[in-house]
Amino acid sequence: CIGQDGFGFYVDESTGDMITKPQELGVVIGDCVEIGAGTCVDRGSWRDTQVGSHTKIDNLCQVGHNAIVGDKCLLCAHVALGGSCTVGDFVVMGGKAAVRDHVSVCSYVRIAAKAGVTKSITAKGDYAGFPAQPSKDWREQKIVTRMLTKQMRLAKFRTKFEERFDGDGAVNDGDDEEDDYDDGESEE
């Protein structure tokens with residue numbers, strides 16, 4: 001769908017009805033652009049929605065109203081661009097990545113799959129995670145999180161082990177007295 005109404009509504013305060021905001025501008029598509037099946041590019045309400053030349057958009061993507069996509073961008077399946085966002089030139093977005101409405105992504109940025117851009121990106125580079133951050137920082141956080149998770153599991157196991165066994169390896173059933181063991185053979 002190219003040129004459908006964008007998702008814009010307001011509430012009529014006197015009646016409480018949801019009123020559609022007019023989306024009366026257009027969509028400008030550059031040269032040599034490819035747009036996959038099921039992708040929607042909404043028309044603008046206060047500026048034309050634009051897709052730059054040589055940009056390739058995969059299947060099932062969403063380009064919100066008033067969005068601007070630069071030249072030579074690659075948007076993989078399920079990418080979602082919020083209304084009025086701006087994406088620079090040579091931006092690559094992995095599958096299911098999203099850019100929030102009214103933020104900007106500068107040129108020469110790569111955004112990993114499933115990343116969520118919630119604030120403007122002003123420095124070129126690789127970004128990942130939610131909220132999107134430089135990939136190096138995101139990877140370090142993932143490593144630390146995994147290490148901490150393993151340490152917490154080990155600490156839980158150690159605590160349970162120490163509760164179950166005494167220091168000499170004997171089973172601790174909570175009774176400090178020696179257990180009388182009856183093997184069924186009585187001594188006479």
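Is Arg43 buried, partly exposed or exposed? Arg43 is partly exposed, because its relative accessible area is 26%. Here buried means under 20% relative accessible area, exposed means over 50%, and partly exposed lies in between (1.4 Å probe, protein chains only). The model is predicted: local features need pLDDT of at least 70, side-chain atom pairs count only at pLDDT 80 or more, and totals for chains, interfaces and linings use all residues. Residues are numbered from 1 along each chain as its sequence is written, and side-chain values use heavy atoms, with hydrogens and water left out.

The structure contains 4 salt bridges. A salt bridge is a side-chain nitrogen of Lys or Arg within 4 Å of a carboxyl oxygen of Asp or Glu. One of them pairs Arg43 with Asp5. The closest N and O atoms of Arg43 and Asp5 are 2.3 Å apart. This pair links distant parts of the chain, 38 residues apart. Arg43 sits in the loop between β6 (40-42) and β7 (49-51). Asp5 sits in the loop between β1 (2-4) and β2 (9-11). Strands (E, at least two residues) and helices (H or I, at least four) are DSSP runs, numbered from the N terminus. Asp5 counts as partly exposed, because its relative accessibility is 39%.

Another salt bridge joins Lys56 and Glu34. Their closest N and O atoms are 3.7 Å apart. Lys56 belongs to strand β8 (residues 56-57) and Glu34 to strand β5 (residues 34-35), so the pair ties together parts that are 22 residues apart in sequence. Lys56 has 28% relative accessibility and therefore counts as partly exposed.

Arg110 and Asp126 also form a salt bridge through their side chains, at 2.7 Å from N to O. Arg110 lies in strand β17 (residues 109-111) and Asp126 in strand β19 (residues 125-128), so this pair ties together parts that are 16 residues apart in sequence. Arg110 is partly exposed, because its relative accessibility is 49%. Asp126 is partly exposed as well, with a relative accessible area of 33%.

Asp126 is also among the residues that Gln133 touches. Contact means heavy atoms within 4.5 Å. Leaving out residues up to four places away in sequence, Gln133 touches Asp126, Tyr127, Ala128, Trp138 and Gln141. Gln133 lies in strand β20 (residues 133-134). Gln133 counts as buried because its relative accessibility is 16%.
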